[in-house]
Amino acid sequence: METKKVLHFVPSEAPSSGSSKNGYVFQEMELKDGKEEDYGYDSTISHKDHICDNQIQISVSDSDGPGFGLLNTTRKYVKPMNFQEEVRAHRDLDSFLAQATILLDERAATLDEALREMLTHVVEESHGGCDMDEVMNSLFTDAGGKEVDVHLLSETIQGVTATSTGIHYQQSWLCILSNVKSLQRRHVCVARLERPQNWGVNCQEARYVILILAPPRTKSTKSAVELGRTFATMFADISFRQKLLETKTEEEFKQQLVQQRQQLSVVTEKVVVEEVEDADPRRGKDLQCKDFFKAGKGVYDDLRRRLPLYPSDFTDGITGRDRCLLKYTTTAIFLYIAILLPAIAFGSLNDESTRGEIDVQKTIVGQSIGGVIYSLFAGSPLVIPLTTAPLAIFISVIRGICDDYDLNFDAFYACIGLWNSFFLILGGLFNVSLLMKLFKRSTEEVIALFISIAFVGDAVKGTVKVFKHFYHKPTLATTNGTLVIQEITEVLEKMKNQTGLHSNETVSLVGHMEEHVSVFLPESLVLCTRERPILCLLLMLGTLWLGYALYLIKRSPYLNDKIREVVSDCALPISVVIFSFIGSYLFLDIQLPVFSVHEGPVFNFPPFEKLTGMNTLSAVGLGFLLALLIFIDQNIVISLTHVPEHKLLKGTAFHWDLMLTGFINILMSCLGLPWMHAAFPHSSLHARQLAKVEQHVENGHLYSTIVSVKETRLTSLAANILIGLSAFMLPVPLQWIPKPVLYGLFLYIAATSLDGNQMVDRMALLLKEQTSYPPTHYIRRVPQRKIHFFTGLQMIQLIILCAFGMYPLPYMKMVFPLLMILLVPVRTSLLPRVIDAKYLDIMDAQHM
């Protein structure tokens with residue numbers, strides 16, 4: 001969606017009610033006008049070149065009340081300063097650096113306190129050339145309270161982002177302007193507050209205050225507004241504001257200002273932008289049939305654009321001032337646990353379905369080999385390849401086919417894998433990923449939510465199996481049939497010799513009805529096993545609870561921000577370690593289900609000579625369905641990882657990554673290891689782990705905005721190397737991780753993957769009252785009934801996906817990839833017939 005970032009110049013503001021000494025009333029009035037802007041100013045912004053005026057006159061309705069007055073308000077959209085062409089921008093900054101007034105970690109809680117502290121430093125530097133009370137009176141509209149006490153800022157500049165869905169304020173900084181008669185020259189003071197302050201609706205987390213004072217009679221290019229444009233343009237960059245938070249001295253602060261000026265002064269090459277858009281299948285021109293016949297063009301463009309950035313994938317965050325070693329370490333630990341435990345779980349599932357042909361050890365080794373190759377050579381290094389639940393189901397179907405037709409599993413499995421890789425490589429060569437233009441955000445979110453539900457389903461099915469086996473059925477303490485029969489015979493003999501209704505040491509007579517007698521079998525023969533499923537349930541839910549609670553600690557006020565960030569990044573490893581210790585050590589006497597480990601070679605080379613020509617041809621269909629499944633998952637995961645909210649700058653490589661996945665699966669097939677492809681939600685969680693986040697409040701709702709993401713290969717490379725070393729930790733200590741903890745991991749991954757899923761947010765609206773609806777773009781622009789109708793249609797699609805994807809009949813799941821493809825024509829052709837296309841486009845928009 002096209003957006004335009006502008007500077008919002010507010011010479012004066014009108015109150016909503018009452019008065020305030022902290023600027024609160026000023027901001028309450030902005031909310032009222034801001035709502036009007038959401039519906040009326042978009043077209044004006046796009047047609048005006050430099051400044052667009054909108055004048056409003058507001059009068060207080062209660063003219064008989066005390067403090068009544070009239071206030072004239074004018075809003076102007078000011079064009080950002082062009083550092084490439086306007087010389088004045090550089091001169092303004094040089095002048096400020098020469099006589100800088102910078103306040104770091106200012107503790108003022110109110111706007112008046114902050115301004116007085118800033119003015120104190122300005123007066124000291126001007127050697128008493130201005131009167132503080134006079135300047136304070138000029139900053140506000142109440143004129144010192146002589147007539148009416150309407151305490152509002154007179155002139156401000158604030159950043160706003162104008163989109164087709166409304167206007168969004170940048171609430172972390174505020175530029176305040178004033179013309180002071182007694183001044184002989186211009187003064188600029190920048191204050192960084194120690195903590196974000198709430199100064200009203202459109203300034204709820206103020207962190208920076210820029211105060212600009214200028215004499216009234218001056219050259220037009222030296223006015224307060226022009227000087228404000230210079231600094232406001234710099235502070236409008238969210239990544240720049242994040243860098244300023246990390247500075248500790250005034251010199252570092254100045255250095256960041258200089259670096260920001262250099263970045264703004266660099267001439268932008270539009271040709272590069274066009275190339276990036278053409279290389280990304282989701283952007284650029286419309287899809288044309290001839291694009292599929294340009295063999296190799298997509299792969300060539302991906303490599304040509306991505307290779308120059310390859311060295312930076314290893315150096316970003318390691319060298320230079322912006323180092324992120326701690327962030328990289330915690331992310332690598334998170335990935336290690338988040339990848340290893342699903343590999344163990346799906347390896348155990350493959351072990352059961354293939355009867356040991358593909359076990360946990362092979363899954364771990366295959367994950368390490370494929371993960372390292374992908375980390376080194378992929379065009380999207382933040383994407384994480386995994387063997388997934390759909391692939392495990394596909395493997396179990398292949399095992400069933402081999403049993404039904406007496407085929408060699410290793411050879412048939414490898415043959416299907418090679419055909420699958422052949423189709424994937426052809427797809428990369430002939431630019432099939434361009435079909436991603438047809439996938440809308442709503443379609444991707446339906447599939448993403450299905451994957452999350454599949455994780456929950458795996459956890460629930462595993463727990464139900466434990467309950468069925470141990471809660472309702474008695475479990476013998478030994479498998480020795482002779483010993484069992486001997487002890488039962490002894491029990492019956494003692495029962496016959498009983499003279500009363502009370503038991504001896506080994507037999508407990510509990511009832512007598514006609515000729516039937518119920519007895520308790522001895523503890524040496526039957527285990528009491530009901531505590532086992534209960535403990536499994538508690539371990540699973542405990543892993544989820546602790547992990548998710550630690551994950552959310554970054555939004556709490558406890559500890560400091562660095563510790564909160566580290567704890568949140570390590571939430572999953574901490575939870576897994578703690579509850580594995582509880583299950584395996586504190587409850588050592590309760591035997592918990594664990595995965596099995598087999599002895600034997602890791603690599604099995606397929607005996608292709610055992611397959612006939614017809615067997616090889618029959619593998620083509622299965623290989624094509626498998627390639628279709630991997631193609632959809634691979635491209636959707638890359639698309640969900642590179643959403644605009646993540647602000648990834650190095651671009652995508654859909655075509656090359658699809659081809660690389662084909663090459664990796666050739667190796668997996670020939671070595672007898674499980675296949676893999678890009679996995680959701682691990683890839684999106686990887687991007688969020690490496691992100692710097694800024695939070696803001698809008699109408700009482702907390703939103704998190706990603707400032708930047710470190711696009712590095714080091715974290716996934718380190719995690720996959722550690723996974724390879726974990727193969728030497730079998731069976732001990734990895735068997736100390738009980739299966740219920742793995743199920744808790746699945747629930748945690750499913751819960752954290754819901755963040756940012758717009759479909760989940762709209763489903764939640766069905767349970768909320770209207771007054772608590774968040775001010776999202778679709779709430780503002782789409783009728784409520786249309787929103788709920790669209791959400792209901794999405795839920796129907798999701799239910800159909802779950803019905804086919806989770807149906808117990810294995811062969812039914814083979815057509816699941818075709819069902820996912822059918823979601824595209826449903827969105828592009830069917831839904832526009834029942835919901836207006838303009839509403840569909842708004843609900844598919846990326847902006848919140």
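Which residues does Thr247 touch, not counting residues up to four places away in sequence? I started my notebook with that one.

**Entry 1: ground rules**

I am working with a predicted model, where local features need pLDDT of at least 70, side-chain atom pairs count only at pLDDT 80 or more, and totals for chains, interfaces and linings use all residues. Residues are numbered from 1 along each chain as its sequence is written, and side-chain values use heavy atoms, with hydrogens and water left out.

**Entry 2: Thr247**

I found Thr247 touching Arg192, Glu252, Phe253 and Gln256, once residues up to four places away in sequence are set aside. For me, contact means heavy atoms within 4.5 Å. Thr247 sits in the loop between helix H7 (238–245) and helix H8 (250–265). I take helices (H or I, at least four residues) and strands (E, at least two) as DSSP runs, numbered from the N terminus. Is Thr247 buried or exposed? Thr247 counts as buried because its relative accessibility is 4%. The scale I use calls a residue buried under 20% relative accessible area, exposed over 50% and partly exposed in between (1.4 Å probe, protein chains only). I also noted that the Thr247 side chain reaches the backbone oxygen of Leu244 at 2.6 Å.

**Entry 3: the whole chain**

I stepped back and noted 30 helices and 17 strands in the protein chain. The chain has 848 residues, and 53% of them count as buried. Looking at contacts between residues at least 6 apart in sequence, I see that 78% join residues at least 24 apart. The chain exposes about 38800 Å², with carbon and sulfur atoms supplying 59% of that. Those accessible areas come from the Shrake-Rupley method with a 1.4 Å probe; for residues, only the protein chains shown count as cover.

I went to Lys362, which lies in helix H13 (residues 360–377). Lys362 is buried because its relative accessible area is 4%. Leaving aside neighbours within four places in sequence, I list Glu357, Pro601, Val602, Asn604, Gly672, Leu673 and Pro674 as the contacts of Lys362. Lys362 and Ala727 are 365 residues apart in sequence, yet their C-alpha atoms are 8.7 Å apart in space.

Then I looked at Cys130, in the loop between helix H4 (111–125) and helix H5 (132–139). Cys130 has 7% relative accessibility, so Cys130 counts as buried. With neighbours within four places left aside, Cys130 is in contact with Val123, Val135, Ser182 and Leu183. Between Cys130 and Leu183 I noted 53 residues of separation in sequence and 6.2 Å in space, C-alpha to C-alpha.

**Entry 4: packed helices**

Two packed helices are described by the angle between their axes and the distance between the axes. I use axes that are lines fitted to C-alpha atoms, for helices over the stretch in contact, and angles that run from 0 to 180 degrees between N-to-C directions.

At what angle do helix H21 (residues 613–641) and helix H29 (residues 816–834) cross? Their axes cross at roughly 45° and come within 8 Å. H21 is therefore oblique to H29. My labels are: under 35 degrees roughly parallel, over 145 roughly antiparallel, 65 to 115 roughly perpendicular, and the rest oblique. On the H21 side the contact includes Leu625 and Leu628, and on the H29 side it includes Pro817 and Leu818.

H21 also packs with helix H23 (residues 682–689), at an angle of about 20° and with the axes 8 Å apart. That makes H21 roughly parallel to H23. I see Val637, Leu640 and Thr641 of H21 meeting Ser683, Ser684 and Ala687 of H23.

Helix H18 (residues 531–551) and helix H20 (residues 571–586) pack at about 150°, axes 8 Å apart, so they are roughly antiparallel to each other.

I found a cis peptide bond between Leu730 and Pro731, omega about -5°, and a cis peptide bond between Val732 and Pro733, omega about 10°. Pro731 lies in the loop between helix H24 (714–726) and helix H25 (739–752), and Pro733 is in the loop between H24 and H25.

I also looked up Asp406, which has a positive phi of about 55° although it is not a glycine. Asp406 lies in the loop between helix H14 (389–405) and helix H15 (409–429), and Asp406 counts as exposed because its relative accessibility is 72%.

Methods. A polar contact is a pair of N or O atoms within 3.5 Å; within protein, one must be able to donate a hydrogen and the other to accept it, and residues adjacent in sequence count only if both atoms are side-chain atoms.
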